[in-house]
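Notebook open, viewer open. I want to go through this one a residue at a time and jot down what turns up.

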Amino acid sequence: MIGVFLLVKWKVGAIVTGKVTGIQPYGVFVSLDEHTQGLVHISEITEGFVKNIYDYVQIGEKVNVKVIAVDEKTNRISLSLKEANMIRHKKIETSLGFQTLKEKLQQWIEQAQKEKQ
């Protein structure tokens, strides 16, 4: 019955805020509420190689995570810091006007190539 509850409450794809409750060499445990904890595997902390997890999170820190899997048989929730941060960065870029830079980039590249000739 708990597995069904997990599936209903924690939907895959949702971005939620949790609190870091433990750090192990393989990942980070995040408390989502008083009854639910999920794991951010070390590969889901950030892009690239993670040498020291403590460079990215600390126990007690509140973090935004994306629910990437819910296993009702084992009652485990897999989370991702990097996917939650990718979504957050996309929103920030758009709201701060980076879209204009994207539109101008090709024009600037062409202009630089003409100047080289």
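Which side chain of opposite charge is nearest to Glu-44, and how far away is it? I looked it up: Lys-82, at 4.4 Å. I'm keeping in mind that this is a predicted model.

**Entry: Glu-44**

Glu-44 is buried and has no salt bridge. The cut-off settles that: a salt bridge needs the nitrogen within 4 Å of a carboxyl oxygen, and Lys-82 is 4.4 Å away. I found Glu-44 in the loop between β3 (37-41) and β4 (62-71). Next I listed its contacts, leaving aside neighbours within four places in sequence: Ile-68, Leu-79, Ser-80, Leu-81, Lys-82 and Glu-83. Two of those names, Glu-83 and Leu-79, I followed up below.

**Entry: the salt bridge**

How many salt bridges does a search of the whole structure find? It finds 1. I identified the partners as Glu-83 and Lys-66, whose side chains meet at 3.2 Å, N to O. Glu-83 belongs to helix α2 (residues 81-95) and Lys-66 to strand β4, so this pair ties together parts that are 17 residues apart in sequence. Is Lys-66 buried or exposed? Lys-66 counts as buried because its relative accessibility is 19%, and the cut-off for buried is under 20%. Glu-83, on the other hand, is partly exposed, with a relative accessible area of 25%.

Leaving aside neighbours within four places in sequence, I get Val-30, Leu-32, Gly-38, Leu-39, Val-40, His-41, Glu-44, Val-65, Lys-66, Val-67 and Ile-68. For context, nonpolar side chains tend to be buried together in soluble globular proteins.

**Entry: Ala-14**

I found Ala-14 in the loop between α1 (2-9) and β1. Ala-14 is partly exposed because its relative accessible area is 26%. Its contacts, with neighbours within four places in sequence left aside, are Val-65, Lys-66 and Val-67. I also checked Ala-14 against Leu-79: they are 65 residues apart along the chain, and their C-alpha atoms are separated by 9.8 Å.

**Entry: Gly-22**

Gly-22 has its place in strand β1. Buried or exposed? Gly-22 counts as buried, at 14% relative accessibility. Leaving aside neighbours within four places in sequence, I see Gly-22 in contact with Gly-27, Val-28, Phe-29 and Ile-59.

**Entry: two loop residues**

Asn-75 is in the loop between β4 and β5. Its phi is near 60 degrees, a positive value in a residue other than glycine. Most residues other than glycine have a negative phi, which is what made me write this one down. Asn-75 is partly exposed, at 32% relative accessible area.

Tyr-54 is in the loop between β3 and β4 and is partly exposed, at 41%. The C-alpha atoms of Tyr-54 and Pro-25 are 9.8 Å apart, for 29 residues along the chain.

**Entry: surface patch**

Which residues form a nonpolar patch on the surface? Leu-105, Trp-108 and Ile-109 do, with about 280 Å² of accessible area together. Trp-108 lies in helix α3 (residues 98-116) and is partly exposed, at 42%.

**Entry: whole chain**

I finished with the overall numbers. The chain has 3 helices and 5 strands, in the pattern α-β-β-β-β-β-α-α. Buried residues make up 27% of its 117 residues. Of the contacts with a separation of 6 or more, 55% are between residues 24 or more positions apart. The accessible surface comes to about 8400 Å², and carbon and sulfur atoms account for 55% of that.

Notes
Residues are numbered from 1 along each chain as its sequence is written. This is a predicted model: local features need pLDDT of at least 70, side-chain atom pairs count only at pLDDT 80 or more; totals for chains, interfaces and linings use all residues. Side-chain values use heavy atoms; hydrogens and water are left out. Helices (H or I, at least four residues) and strands (E, at least two) are DSSP runs, numbered from the N terminus. Buried means under 20% relative accessible area, exposed over 50%, partly exposed in between (1.4 Å probe, protein chains only). Lys and Arg count as positive and Asp and Glu as negative; His and the chain ends are not counted. Contact means heavy atoms within 4.5 Å. Patches are made of residues with over 30% relative accessible area and no salt bridge: like charges are joined within 9 Å, nonpolar side chains (Val, Leu, Ile, Met, Phe, Trp, Tyr) within 5 Å. Accessible areas come from the Shrake-Rupley method with a 1.4 Å probe; for residues, only the protein chains shown count as cover.
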